[in-house]
Amino acid sequence: MALVRARRRSEAGGAAGGLADLAARAWTLAVARAARDDLGLPVDLRDIVVERRVLAEVAELLPDPALIAVLDEGQGRSTGFAVLDAALTAGMVEALTTGRVSAGGEARRPTRTDAAMLAPVLDRALAGFETALDGVAGQETMRGYRFAALADGARSLLLMLDEGPYRLMRARGVLGGGLRDGVLMLGLPDRTSPVTPRIAPPVRDDSFAADMAAQVVQAAVRLDAVLLRLSLPLGTVLQLEVGQEIALVQADIARIGLEGLDGRRVATG
């Protein structure tokens, strides 16, 4: 029984459509086999688009929330990425934990635990991708990638990887015959075209910035950990007594805000 179906468009930017089609077919097959072996359920990649993008463009295409896996090609340096949106992540984690997938369901923000659970599935798909492209001319740079770290959003990805260009494959992943579906992306460095060398910046004296930084890092900064902000009528506040309990219905211990002296939230943890 066929587990994969794909409709492909040729690669943007004038690259050979044949190589794009080969990569799309190889990735579709690799994901389907990894899902079958590790999840026990089929994942069907549909509407695959293969295109050449720089990292800033990729950041604008990322779904939010999403699981953003940074990939290492075996040289100790992060160079690629894979992205699963929240719906697809939740469905795959559910398949791993319960052996089945329910229709619909809440798509929560992916966690590091989710990434740890799905890393073997992703690595199996990447290994199958290599095997499918073995011996294909022009695909040598798509080998050796494995899960390395989790990026906390698009901004984190921009800091962890080079600007590009990247060969980006975007698809809609359908899990369990349609019970869940979401966005699946794979981005690997595109080294098929020469990249214009960067002009070395002029040498400048950074001593003033270093001296200023040395002074600033000694300054004290106050951050308040805020579980919940609650508004009460003045009459109720005046009647509060020592030991009285106040129900914090909407409080979430998993989302404590850190606020500066100006009241602006700078982080959540």
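## The nonpolar core and its surroundings

In the largest nonpolar core, which has 42 residues, the members that touch the most other members are Trp27, Leu39, Leu45, Met92, Phe129, Leu175 and Leu186. The model is a predicted one, and the values that follow are computed from it. At least two residues of this core come from each of α1, β2 (43-53), β3 (66-72), β4 (78-85), α3 (86-98), α4, β6 (166-175) and β7 (180-189). Among these contributors, α1 provides the largest share, with 9 residues. Apart from this core lies another one of 14 residues, including Leu55, Ala66, Ile68 and Met185.

For the protein as a whole, the secondary structure comes to 7 helices and 10 strands, and of its 269 residues 35% count as buried. When contacts between residues at least 6 apart in sequence are considered, 69% of them join residues at least 24 apart. The accessible surface comes to about 16000 Å², and 54% of that surface belongs to carbon and sulfur atoms.

A search of the whole structure finds 2 aromatic pairs.

Are the two partners buried or exposed? Tryptophan 27 has a relative accessible area of 2% and is buried, and phenylalanine 129 is buried as well, with a relative accessible area of 1%; buried here means under 20% relative accessible area. Leaving aside residues up to four places away in sequence, tryptophan 27 touches Leu45, Leu122, Ala125, Leu126, Phe129, Met169, Leu184 and Leu186.

Valine 31 is also a residue of helix α1, and its relative accessible area of 9% makes it buried. With residues up to four places away in sequence again left out, valine 31 touches Val43, Leu45, Ala125 and Leu184. Valine 31 and proline 42, which are 11 residues apart in sequence, lie 8.8 Å apart in space from C-alpha to C-alpha.

| Helix | Length | Span | Expected span |
|---|---|---|---|
| α4 | 21 residues | 29 Å | 30 Å |
| α3 | 13 residues | 18 Å | 18 Å |

In α4, a kink of about 40° lies at leucine 118, shortly before proline 120.

In α3, the buried residues are Ala86, Leu88, Thr89, Ala90, Gly91, Met92, Val93, Glu94 and Ala95. Which elements do the buried residues of α3 pack against? They pack against β3, β4, α4, β6 and β7. Just after α3, glycine 99 takes a positive phi of about 80°.

## Local details of the backbone

A positive phi value, near 55°, is also found at aspartate 47, a residue other than glycine. Aspartate 47 lies in strand β2 and, at 33% relative accessibility, counts as partly exposed.

Aspartate 64 and proline 65 are joined by a cis peptide bond, for which omega is about 5°. Proline 65 is placed in the loop between α2 (55-61) and β3.

Finally, arginine 191 has its place in the loop between β7 and α6 (207-216), where its relative accessibility of 41% makes it count as partly exposed. Arginine 191 and proline 165 are separated by 26 residues in sequence, and by 7.8 Å in space, C-alpha to C-alpha.

Terms used: Residues are numbered from 1 along each chain as its sequence is written. This is a predicted model: local features need pLDDT of at least 70, side-chain atom pairs count only at pLDDT 80 or more; totals for chains, interfaces and linings use all residues. Side-chain values use heavy atoms; hydrogens and water are left out. Rings of Phe, Tyr and Trp (its six-membered ring) pair if their centres lie within 6.5 Å; planes under 30 degrees apart count as stacked, over 60 as edge-to-face and the rest as tilted. Buried means under 20% relative accessible area, exposed over 50%, partly exposed in between (1.4 Å probe, protein chains only). Helices (H or I, at least four residues) and strands (E, at least two) are DSSP runs, numbered from the N terminus. The expected span of a helix is 1.5 Å times one less than its number of residues. The bend at a residue is the angle between axes fitted to the seven residues ending there and the seven starting there. A nonpolar core is a set of buried Ala, Val, Leu, Ile, Met, Phe, Trp, Tyr and Cys residues joined through side-chain atoms within 4.5 Å. Contact means heavy atoms within 4.5 Å. Accessible areas come from the Shrake-Rupley method with a 1.4 Å probe; for residues, only the protein chains shown count as cover.
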